[in-house]
Amino acid sequence: MTAPAQSWTARLAELGVRLPPVAAPVAAYVPAIRTGQLVFTSGQLPFVDGGLRRTGKVGGAVDIEDAAADAKLCALNALAAIDDLVGLDAIARVVRVVGYVASAEGFSGQPRVVNGASEFLGRVFGEAGQHARSAVGVAELPMNAPVEVELTVELR
C-alpha cells in the first residue's frame, strides 16, 4: 500500500476529530500490542473522559443510532491506543474490525451498529480503511456497555 497524500493525523484534524487519551484498561490487559507488522487492539468501550457515554442493551434502552455513534467512539478509542503504541501515521491499512453489540432479545441489527465504526474508519483512511469485519450480538458487555470494538491494523 502506498503512503497517503497526507498523514492520518492530518486527516483526523481535517475531519475535526481529536484523539482522546488512551482509555485505561479495566482488567489485566494492555490497550494494544504489536506483533510483526500488525497491531491488535483490545476491545475498546465507548469511553468519554474516563466513563461510558451510556449503558444498556441495543434494541432496548439504547437505540441503533446512538449505538452506531458509540461504535464510532470505540473505533476512535482504538485509534488512540494504536497512536500511543506506534503512532497513527505508521498505519498502512485497517485489516479487521470486530464489533460486539449488547443486544436486547430479538435485536438483529448488529451490522448497522458496527457500521458506525466502519464508516468512520472509511472517512479517515479512505481505501486503506476497507476491512474484513464481524458484528456479533452478545448478552452482556463489560460495565453494561452497549458496544465494544477491536481493530487489527497493518503497519508500513
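User: Which residues are linked in a network of salt bridges?
Analyst: In this predicted model, the network consists of R53, R54, D66 and D70.

User: How far apart are the N and O atoms for R54 and D70?
Analyst: The R54–D70 salt bridge is 2.5 Å, N to O. R54 sits in the loop between β4 and α2, while D70 is in helix α2, 16 residues apart.

User: And R53 with D70?
Analyst: Their side chains also form a salt bridge, at 3.5 Å from N to O.

User: Is D70 buried or exposed?
Analyst: D70 is buried, at 0% relative accessible area. R53 is partly exposed at 38%, and R54 is partly exposed at 22%.

User: How many salt bridges does the structure hold?
Analyst: There are 5. One of them joins E14 and R11, with the closest N and O atoms 2.3 Å apart. Both residues lie in helix α1, 3 residues apart, about one turn of the helix.

User: Switching to the sheet. What is the strand order?
Analyst: The order is β1-β2-β7-β5-β6, an open sheet of 5 strands with mixed pairing. β1 and β6 are the edge strands, each pairing on one side only.

User: How do β5 and β6 run?
Analyst: They run parallel, joined by 7 bridges. V98 has S134 in β6 as its bridge partner.

User: Where does helix α2 lie?
Analyst: Helix α2, residues 64–86, lies across β1, β2, β5 and β7, at about 40 degrees to β7. Helix α3 packs on the sheet too, touching β5, β6 and β7.

Methods: Residues are numbered from 1 along each chain as its sequence is written. This is a predicted model: local features need pLDDT of at least 70, side-chain atom pairs count only at pLDDT 80 or more; totals for chains, interfaces and linings use all residues. Side-chain values use heavy atoms; hydrogens and water are left out. Two strands pair if DSSP finds at least two bridges between them. Helices (H or I, at least four residues) and strands (E, at least two) are DSSP runs, numbered from the N terminus. Contact means heavy atoms within 4.5 Å. Axes are lines fitted to C-alpha atoms, for helices over the stretch in contact, and angles run from 0 to 180 degrees between N-to-C directions. A salt bridge is a side-chain nitrogen of Lys or Arg within 4 Å of a carboxyl oxygen of Asp or Glu. Buried means under 20% relative accessible area, exposed over 50%, partly exposed in between (1.4 Å probe, protein chains only).
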